[in-house]
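Here are a few exercises to work through with the model open beside you. Try each task before you read its solution.

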Amino acid sequence: MGKIKYHILVCVGTACQTAKSEEILKNFKELIKVKGLETEVQAIQTGCFGFCENGPIVKMMPDNTFYTKVTPEDCSEIIDEHIINGKKVDRLLYVSPETKESIGDSRHKGFHKKQIRIALRNCGFINPENIDEYIARYGYQALGKVLTELTPEATIEIIKKSGLRGRGGGGFPTGLKWEITRAVTSDKKYVVCNADEGDPGAFMDRSVLEGDPHTVLEAMAINGYCTGADQGVIYIRAEYPLAVERLKIAMKQAREYGLLGKDILGTGFNFDIEIRYGAGAFVCGEETALIHSMEGLRGEPTVKPPFPSESGFFGKPTNVNNVETYANIPPIIMKGSDWFSAIGTEKSKGTKVFALAGKINNVGLIEVPMGITLREVIYEIGGGIRNGRKFKAAQTGGPSGGMLTEKHLDTPIDYDNLIAAGSMMGSGGMIVMDEDDCMVGMAKFYLEFTVEESCGKCSPCRIGNKRLFETLEKITQGHAIAEDLDKLRNLSNVIKDTSLCGLGQTSPNPVLSSMDNFYHEYLEHVHNKKCRAGNCKSLMQYLIIAENCIGCTLCARNCPVDAIAGERKQAHLIDQEKCIKCGACMEKCKFNAIFIN
Amino acid sequence: MEMVKLTIDGKPVEVEKDTTILKAARIIGIDIPTLCYFQLKDLDIENRPGGCRICVVEVSGRRNLAPACCTNVTQGMVVNTHSIRVLNARRTVLELILSDHPAECLTCAKSGNCELQTMAQQLGVREIPFQGEQSKYRKDTSPAIIRDVDKCIMCRRCEMMCNDVQTVGALSAVNRGFMAVVATAFEMNLEKSPCTYCGQCVSVCPTGALTEVDHSRNVINALADPAKTVVVQTAPAVRAALGEEFGLAPGALVTGKMVAALRRLGFNYVFDTDFAADLTIMEEGSELLDRLTRYLKGDKEVKLPILTSCCPGWVNFFEHNFPDLMDVPSTAKSPQQMFGPIAKEYFGKKLGIDRKNMIVVSIMPCLAKKYECQRDEFKVNGDPDVNFSLSTRELAHLIKLANIDFNSLPDEDFDNPLGASTGAAVIFGNTGGVIEAACRTAYELYTGKKLEKVEFNELRGLENIRHATLDFNGLPINIGIAHGLGNARKLLEDVQAGKSQFHAIEIMACPGGCIGGGGQPFHHGDSDVIKKRAAALYREDDGKPIRKSHENPFIIELYKEFLGKPLSEKSHHLLHTHYFDKSAGTFVEE
Amino acid sequence: MKSAYHRLYKIFTITHIMEKIKSLSDLKMLQESLSAKINLREKINNSDALIQVKVAMATCGIASGAREVMEVFIEEFTKRNIDAVVTQTGCMGYCYAEPTVEITMPGVEPITFGYVDIKKASKIIDKYILNNELVDGIIPVNYETIDVQ
């Protein structure tokens, strides 16, 4: 049996599928059979190429030819010309809009991919437990470069010019932060890596630490050189055992090579790193709370100023940056600030890693340039909404953020636009919701999280969020009155205005943003006792259609709370007081006699 | 000093750099309301976690409201302390706090003294718009302090006192979010914790979350029992503070009115703990001289410095924290506990009263005294030497309960013999007072010369740790003084390390000494109150005809008639004690 | 033919004595020699070129069974005497399709397969590695990775 020589890869992602890619695949398969090429040519479906506006996409292997906007009618020409005659079908090749040149090879630079991996450049590429693979990818050369060729000031200047901003959520300019820490005089300084990732459903930092631990170590050493610190501390949650393990291996290997420790690369620069564990409190992502936790104290924030850059870990100047921020440092040093600042928007440079989740087909980790639109993220990278449902909203910034809606689909995503849209960048969680998601319920979900994660130090956050949650619960249970909506808004504003730290200052955002964008849903819950998404169980009623019910008693026998009564062979009735809305009756009914109101 | 100019509510003000908005506003007479913020200025005690958010103000150009208590002024700052936005936020925050607070004002021990109640009044809260769950915790009653933390508002003052000032570490914030509260480790009973019952947490708590165990009902019952002879003793610091409870200015001395009130309450004998304080000096001063002479003779076994032992909070502290130093403090009992056996075994026997029929009540500025009088070693066949210890506040309450118009009472004298005292005894209530009293006696006993100037000004004041070298006829005596257990810890650690240069150290658990005790009328963070009480006691000393303990004629008679001499066998039996290692088992649950 | 285990051993551990890197130029020299070795392994017409299998082994991958999948590849290669290198790597980002495995046949662009369970792993060996026949679950690389240099 001879080996297959050609592969025809047909994209069956959502967008291409709508453009008849399944028919294309079918045509190819038939043609291969008809022409007797089965032993040499194979047609197969693949996932999305992320190039949807030019779909359907067909890729030929092994020569990597990339055909765009293919129709079912093009199949025989591709077989005849490309496979039998060995000639590319020029008219189906992608034409670069800039150079007007036809691009035949999928590896060509002209294919602007929606995703650019800077922070994730080594993730899924190198073996994270082998420092040699990192070094082979020019690892530690950025550190070598700054130690041998650049002054701390010049290095900070590069970071400042690059426009890199903190990836932990706040978006503070990284270079400026370094400069401030450098300017403080002290006998001891620290650099800290904030790896206390806590947004529900977000795991950007974990992936970097697990996939490329050395980049964090290297960047921390560069930070130490710039700020005048000789000690680094990684604050990582204990729930990340694999990340901890790989960090430890990486630190050991780096020390053996002398890339951490005394006299690094013969330059006289000393720097070493230790790990401190967090117990997984969301508030410990706030830098003052993080520092208190590292000191062994209760993880709660203190009023800033003083900022950690003046008085941080054990009262010493401390520069705190997030994992993803660090992962951007070595490439910026190696490739220069101009390269980095060419990516992104005017005030938000580079890329951002997002953990794409929710009602989306391709749930996963993506790294996209700042300025990409939500539409591109959802439909081209994320492969669209699951089950062909309609997009309703996307939550960015986790429990601190807000909802982006249809009207924001074409807004370029960057720090400032997200804030203007009532949300925030956050650390990179992005949860996509469809028409089956209740927006009041979503706000309640996030508030439940905040109530749990508030440290309890300041009254508005400790009690206010609890009261917000309780009011939302009242609404979703159908017990609220119109006045509650005003209270909800006023309380949200006061909590934002008076809370001590970022947690409380942002926790009402999901409420405010859902009220701004979906006020009609709130009104429906309050006035009509109705949840259009059908999420709020208290507002649902399971009812039996008397005409359809034959009185088989199956529903009554399966009801866990004996809420269904009725004689045999007669229509049954559900006691709404007793019903817990589990849906068991509807599932069991064979006569479509039960429906949800 | 760099000065900063700013405007608050339209008024220009110039203050030193690093001043907070709160302090800057107070300079120009604008009193921004606060709740968690707390300060005892002259004692270097400050609590400003920025937690309650009542003191928020609007600062032009700032995104959110700023907490005035922990935001420093900046050049050109424009502050508005009562804009609509501020007033709405401040009231909403208070309503939130109240929504998680039991509405028990009618029966709350703190009612009338509660800062949360005052704040609700001040801000005109008429309803609580937020209904919802209230955080509920277990009520914890210890021998001296009740924790009803349903009423805790997380101001963290008690935590600051317990950890930063006292370094006791019994209380800290536990739990997260809505259930966050100040509690003991693992929410164990306070009795199982390293708590010393110093009561400083109670004295700073703005609400009724921390209060003393009230024994006044037991005292009322005893007074009503015709079979009992009820004897009362009053600690020095009480007379300098009791008047505050009746609207008198801090520092008013109400010794005579207090005696009159006690008599009207029905106590059979109104005696003075000051008498026992003079007795303490005789015993403790003799012990100091004994150790000193043996030391000077070259005895290497002798333990120096000697530490005073009249403060029960302090005794609890070293039993918990320095069990290895238990042979360093004086073995002399505290004045309260010296009084008990003298009353029951000497005075009572003289009158033919069986000790079971005698009830000894003490009026103390202190909560640890409540625990002290319950200690097993201070009981004879289960009968305590001192039956009940009431705080100054409880006494005030008793007087009000008995419809006594305190301010119009005549001044009356204590009963004899256990009511007579010297000026040396009354200054026991001030930090440095015990050691000053001891030095007055020790000097004369050691040198055999008359002490011309009895005031040792170098031992007075409110500095955290003080030291002085006194000239005992050519022999330099090094004295150390600490008030507040955190300061005590520093001196103790020196002793532990063998670095201490002192011959004698006086330690009082409460900042300021007993005048700042946990059982005193609430000072609400005004350190002037404490200073005025201290001055009052020195005034009382100044006006006493006899100012040295060993010259108290009733003390002389007591030794002649009953005890023999200081440190005699009888003295040891009745007036001295021993200590227990409490370091282990602190964290063991029952 | 050397055993796969032997190959694995080589790739999992650092194969040379780790000496301190004393300068930036030493680091650059080390980089060159390391990447030359890797290039050699990947060179199209090199007879020594090996089949490379990378298994995404971040927490999410491991939770979905990546470790077992990796073991299957190792065992099968040993059993069938296939000269290949199996390594672990970090997250590839395709959470919806874990476990994910990237296969590089000599001279061919790497192909990433998603939803690789134990069965699928054997199927990939049978069909793709031995017969160049693709199996379902291909995830096209839809991102561009920057080159640090």
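The exercises below go from a helix pair to a sheet and then to the chain contacts.

This is a predicted model, in which local features need pLDDT of at least 70, side-chain atom pairs count only at pLDDT 80 or more, and totals for chains, interfaces and linings use all residues. Residues are numbered from 1 along each chain as its sequence is written, while chains are lettered from A and ligands numbered from 1 in the order in which they are written.

**Exercise 1.** Describe how α8(B) and α14(B) cross.

Step 1. Locate the helices (DSSP runs of H or I, at least four residues; strands are runs of E, at least two; both numbered from the N terminus). Here α8 spans residues 273-296 of chain B and α14 spans residues 433-447 of chain B.

Step 2. Take the axes (lines fitted to C-alpha atoms, for helices over the stretch in contact, with angles from 0 to 180 degrees between N-to-C directions). The two axes come within 9 Å and cross at roughly 55 degrees. That makes α8(B) oblique to α14(B) (under 35 degrees is roughly parallel, over 145 roughly antiparallel, 65 to 115 roughly perpendicular, the rest oblique).

Step 3. List contacts (C-beta atoms, placed from the backbone, within 7 Å). Residues of α8(B), including B:Ile281 and B:Leu288, meet residues of α14(B), among them B:Ala438 and B:Leu445. By class, this contact has eight nonpolar, two polar and one charged residues (Ala, Val, Leu, Ile, Met, Phe, Trp, Tyr, Cys and Pro are nonpolar; Asp, Glu, Lys and Arg charged; the others, Gly among them, polar).

**Exercise 2.** Work out the strand order of the five-stranded open sheet in chain B, and find its edges.

Step 1. Follow the pairing (at least two DSSP bridges between two strands). The order is β2-β1-β7-β5-β6, with mixed pairing.

Step 2. Look for strands with a single partner: β2 (11-16) and β6 (66-67) of chain B stand at the edges, so one side of each has no neighbour in the sheet.

Step 3. Check one pair: β1 (residues 3-8) and β7 (residues 78-80) of chain B run parallel, joined by two bridges, and B:Ile8 stands opposite B:Val79.

**Exercise 3.** Which strands pair between chain A and chain C?

Step 1. Count the contact: 62 residues of chain A touch 44 residues of chain C.

Step 2. Find the pair: β7 (residues 115-117) of chain A and β6 (residues 143-145) of chain C pair in the parallel sense over three bridges, with A:Ile116 opposite C:Glu144.

Key
Contact = placed C-beta atoms within 7 Å.
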